[in-house]
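Please look over the model below before reading the notes.

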Amino acid sequence: MTEALGVMAVVAGVAFFLAGSIGLLRLPDLLSRLHALTKADNLGLGLLALGVGLLDGRLLTGVKLFLIWLLVLAGSAVSTHLIARQALRQERG
Amino acid sequence: MEAQLWLLLDSALALLLLALGWACMASPDLRRGVVLFIAFGMVLALVWARLRAPDLALAEAVIGAGLTGALLLSALRDQPDPEATGVAGRDWFGWLVGPATLVLAGVIGWALFYALIHNPTEGQAGAIAQALPQSGVSNPVTAVLLNFRAYDTLLELAVLLCAVLGVLALGPARPAYRPAGPMLGVLLRWLLPLLIVTAGYLLWVGAQAPGGAFQAGSLLAAAAVLLRLGGYPTAGLPGPVARPWLLVAGVAAFLAVGLGTALSGAAFLQYPAGWSGGLILLIEAAATLSIGVTLGLAFFGGRPEPDCPSGNPAKESRPC
């Protein structure tokens, strides 16, 4: 049961990563690319961490994975903000 | 079934590594080449992890992809026009590098192949495992680096020291970065304590698990790089009084231990029984600080100005 849930979460996470990558390649401008990339990747990584944590089964691993996910969330939110702000500034000249 | 899946993953990783390496070298745009190089380093870290070399994977992720990537990007900042300085204007030396690298790779590949054919399993692993209980640590990588082959590591630290002397001789550092705004400030306040604690953890855990002075020192340097990028002109590095002491701390601790053992009648760096663990930790702690300051200064690309007020973000992009 737990294993099935874990596999499902991993598969869903990979699907999100795939969607984010397609968005990065196909969307027309920088801001929508950033949007696709971060939304999909943050959720994707969360689902991957959840799935791997369930598959591993140990509480300590789960806590570590959750903390790593939080770190990546904070890092990606800030770096995306910086990229988007720089792009806006360049647009305005 | 499972073995085949792993084989598929490993083949994909190997192909991706080759493709990224080629794309990185062939890219006419330097900035794109640097970004590809960082991606190459991340994939290489995954390959090391798959080869069950987590120490190397950690080092490659932090030093190869992270710090080297930051160094290359900051070097690009000095290029007047990134598009104009591609591979187009190669001289005879540039043309020589490719074939020379190919020959070198061929020789190394042949040596590896030869070793695997003639001695498929043994190597030195057996001897290391046998001597491990006397080494003072239970992580075989640390035992080799800091005990069995401590000479090598001492000389590596000396190479780093020479490199940072070169950096300091380049003259004043590049101009400081502008403060990047409140969002990065908040992230830095979160991240910096975490980086420093993690560096301490990696230093301590290196005795029995993957980690050690090089990984820990690189994390400290990463903290300095982040601070510098966030607009702090001194990046939290020590001032001109403490800096030289911290730069030589690693080599000095190594030499002091070596001379101490030599004077007490043993060979140079032959730790007395029962002391190995403590001496290794002492050397690694000093080396961590040295490596952190060295790699942090490398990101400055020169000598930091002594009169920068520490802790205050630069008001303008001018060098303070």
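This is a predicted model: local features need pLDDT of at least 70, side-chain atom pairs count only at pLDDT 80 or more; totals for chains, interfaces and linings use all residues.

1. Residues are numbered from 1 along each chain as its sequence is written, chains are lettered from A and ligands numbered from 1 in the order in which they are written, and side-chain values use heavy atoms, with hydrogens and water left out.

2. Eight residues of chain A are in contact (heavy atoms within 4.5 Å) with seven residues of chain B. The buried area between chain A and chain B is about 650 Å², 82% of it from carbon and sulfur atoms; buried area is the accessible area (1.4 Å probe) that two parts lose on being put together, summed over both.

3. Between the chains, the axes of helix α3 (residues 59–92) of chain A and α8(B) come within 10 Å and cross at roughly 150 degrees. Helices are DSSP runs (H or I, at least four residues) numbered from the N terminus; axes are lines fitted to C-alpha atoms over the stretch in contact, with angles from 0 to 180 degrees between N-to-C directions. α3(A) and α8(B) are therefore roughly antiparallel (angles over 145 degrees). Residues of α3(A) including A:L71, A:V78 and A:L82 meet residues of α8(B), among them B:L187 and B:L191. By class, this contact has ten nonpolar, two polar and no charged residues; Ala, Val, Leu, Ile, Met, Phe, Trp, Tyr, Cys and Pro count as nonpolar, Asp, Glu, Lys and Arg as charged, and the others, Gly among them, as polar.

4. Within chain B, the axes of helix α8 (residues 182–205) and helix α9 (residues 213–229) come within 8 Å and cross at roughly 165 degrees. That makes α8(B) roughly antiparallel to α9(B). The contact includes B:L188 and B:L195 of α8(B) and B:L219 and B:L226 of α9(B). It has 17 nonpolar, two polar and no charged residues.

5. The axes of helix α2 (residues 30–50) and helix α3 (residues 54–76) of chain B come within 8 Å and cross at roughly 175 degrees. α2(B) and α3(B) are therefore roughly antiparallel to each other. By class, their contact has 16 nonpolar, four polar and two charged residues.

Technical notes:
Helices (H or I, at least four residues) and strands (E, at least two) are DSSP runs, numbered from the N terminus. Angles under 35 degrees count as roughly parallel, over 145 as roughly antiparallel, 65 to 115 as roughly perpendicular and the rest as oblique.
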